[in-house]
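Here are some friendly notes to read alongside the model. They begin with a pocket and then move to the sheet beside it in the list.

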Amino acid sequence: MDKILILDFGSQTTQLIGRRIRDLGVYTEIVPGDSPLSGILNPADKADKGADVIRGIILSGSPESVYENGPAPDKAVYHCGLPLLGICYGLQRLNYDNGGAVEALPEREYGRIGVKMRNAEEEARREDLRGRSATEGSGGSHERLTREFLAAFDPAFSLDALIGRSASGAPPPSAPPVAASAAFTAWMSHGDTLTRLAPGLREYGTSHTGYPAVVIHDAKPWFGLQFHPEVTHCERGLEILAAFVFGVCGCSAGWTMEQYVEEARRVLKKRVGDNPVLLLISGGVDSTVAGALLLKTLDPQAVHLMYMDTGLMRKDETKTVQANLERLGARRLHIIHCEEEFLAALKGLDEPEAKRRAIGDLFIAIQEREVARLGLPDSYVLAQGTLYTDLVESGKGVGKKAHLIKSHHNVGSPLVDAKRQAGRIIEPLDRLYKDEVRRLGRILGVDEAVILRHPFPGPGLAVRILGEVTREKCEILREADAIFIEELKKRPAPGATGLTLYDEIWQAFAVLLPIRSVGVAGDVRKYGWVLALRAITSADGMTADVYPFPVKDLLEISTRITNTVTDIGRVTYDISSKPPATIEWE
Ligand code: XMP
């Protein structure tokens with residue numbers, strides 16, 4: 001199978017690059033950016049006809065700077081002859097390593113930035129590209145690759161036509177030159193820029209602030225973007241990735257979720273063997289899908305599902321979770337009631353990371369204790385429904401260079417690390433994003449209501465009750481949140497889509513703020529808690545936009561909450577996107 005190798009230098013969005021390309025049907029493999037390449041590019045099993053063939057390499061972004069000892073690739077990458085695509089830091093790396101200069105910008109470029117393309121034909125006329133033909137020898141195949149890549153910037157470019165052409169193996173049409181006026185809005189996040197291009201590199205697109213945004217080498221199949229085509233907010237992003245993967249690298253699409261399931265099953269059987277497996281179920285989509293994968297792959301008698309009722313769950317969560325898992329064939333479901341212990345562990349804590357750590361440690365402590373009580377042998381395998389976003393945002397992404405934003409409880413514990421090192425952890429979803437997990441769930445026959453359920457964080461309501469968590473606050477928030485969600489499920493989305501607001505929103509929940517405000521109820525002064533409602537749209541949780549609520553719905557929902565949950569005196573709506581905010585408040 002054709003594949004694209006991604007060198008991960010630690011950007012928060014590296015996995016998204018892989019995701020987008022997999023969505024196009026091409027397999028991707030992500031390795032730490034500084035991995036030695038000889039074994040990867042020349043695997044021992046090369047003779048095996050079924051072995052994957054690397055068709056191109058992407059150099060990811062990074063929070064580091066090239067001139068401050070940022071992570072560097074094995075130099076072999078520049079001699080392997082494969083097409084390279086440098087994204088943000090990846091482009092800076094490629095430029096710097098080959099004799100160009102990279103310097104800090106006076107001001108960081110962040111968010112949506114306009115990019116204007118130059119007319120490729122004019123360029124070619126202006127500069128007679130004799131150098132290219134001399135290098136290529138075979139009469140302009142490099143020029144063809146350049147055109148294939150630049151075609152993505154042409155407003156007339158058709159992604160479907162490119163995919164169809166790649167599937168049929170038809171030869172490329174002579175790609176139209178990019179119109180002189182081609183301009184689009186890219187998504188950028190960088191503090192450094194190219195200030196001198198390495199010999200052979202040429203600027204084809206410029207950001208409206210005047211810095212190189214699209215760069216191509218005159219003779220080698222090297223392409224570079226100062227922006228992030230993998231981010232959904234980047235116009236032409238998917239087209240550019242497709243042009244690189246299909247047009248430049250010549251990949252054919254052969255990667256599907258069905259294949260992923262087959263592969264995940266094979267790995268599960270091999271890793272687990274005859275040992276029992278224990279999966280901690282949180283009640284969300286991820287762990288339910290992970291549970292379904294275990295139940296449909298292994299002997300259900302060997303699959304122990306442990307659910308902790310931490311007291312930090314949504315309303316009626318325990319009942320719903322139990323019903324869902326039994327429907328999926330669970331035989332050994334262990335429900336642990338440990339609300340008192342969690343509330344005691346959280347007492348007096350108001351700092352978000354301290355709360356997350358306390359919850360993570362207690363999860364593991366209770367799990368150890370309860371496992372001992374279950375009498376499972378030491379060889380039991382711990383399964384987790386960890387997603388890639390959980391790993392990458394905990395600074396544990398594949399390249400291990402990402403900066404810590406929040407420690408997610410399921411990956412932050414030393415005990416989990418110890419089990420991981422002992423090779424006793426399986427995380428069958430750890431290469432998937434949320435919407436891919438939903439697709440997987442459908443293939444496994446998980447109930448649609450579970451699949452469409454909004455994500456819920458591992459630490460539960462504790463990260464939605466700002467400051468100290470108390471039983472009383474949990475109860476207030478549970479009631480308010482249940483009303484909010486119930487209302488979203490019964491209100492139609494604007495436009496005749498047939499969807500409800502709940503369907504249109506990617507994640508919605510209520511947050512209890514640690515402040516009270518003055519109000520009046522029935523002529524009496526009321527000093528009630530302030531509740532924030534959060535509703536966002538997103539493709540994968542990595543970036544998020546605020547859901548543009550119809551005001552009427554917000555007003556009615558707010559009224560119902562303050563009328564029903566009398567401890568709440570005021571409701572606000574959170575209008576922050578991610579970034580700069582995160583989805584959860586803590
Ligand atoms: P943030 O708040 O980081 O959230 O923008 C991104 C997505 O992840 C969920 N989330 C978590 N999920 N354990 C989890 O399993 C956690 O500790 C955790 N924290 C946040 C969040 O609800 C959103 O969908």
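1. A word on terms first: on a 1 Å grid over the protein atoms alone, a pocket is an open set of points where a 1.4 Å probe fits, with protein on both sides within 12 Å along at least five of seven lines. Grid points are joined across faces, edges and corners, and a volume is the space filled by probe spheres set on the points. On those terms, the second largest pocket holds about 680 Å³ of space.

2. The model is predicted: local features need pLDDT of at least 70, side-chain atom pairs count only at pLDDT 80 or more, and totals for chains, interfaces and linings use all residues. Residues are numbered from 1 along each chain as its sequence is written, and side-chain values use heavy atoms, with hydrogens and water left out.

3. Which residues lie nearest the centre of the second largest pocket? They are Q12, R108, Y110, W187 and S189, out of 30 lining residues (a lining residue has an atom within 4 Å of a point). The lining divides into 10 nonpolar, 15 polar and 5 charged residues, where Ala, Val, Leu, Ile, Met, Phe, Trp, Tyr, Cys and Pro count as nonpolar, Asp, Glu, Lys and Arg as charged, and the others, Gly among them, as polar.

4. Domain 1 (2-248) and domain 2 (271-451) each give at least three residues to this lining; the bounds come from an automatic or database domain assignment. By element, α3 (89-97), β5 (101-117) and β6 (183-196) each supply at least two, and β6 gives the most, with 5 residues. Helices (H or I, at least four residues) and strands (E, at least two) are DSSP runs, numbered from the N terminus.

5. β5 and β6 are antiparallel partners over 12 bridges (strands pair if DSSP finds at least two bridges between them), and E103 stands opposite T193 in β6. β5 also pairs with β7 (residues 201-207), antiparallel over 3 bridges, with V115 facing S207.

6. These strands belong to an open sheet of 9 strands with mixed pairing, in the order β2-β1-β3-β4-β9-β8-β7-β5-β6. β2 (27-32) and β6 stand at the edges with a single partner strand each, so one side of each lacks a neighbour in the sheet.

7. Elsewhere in the sheet, β1 (residues 2-8) and β3 (residues 53-59) run parallel, joined by 6 bridges, and I4 stands opposite G56 in β3.
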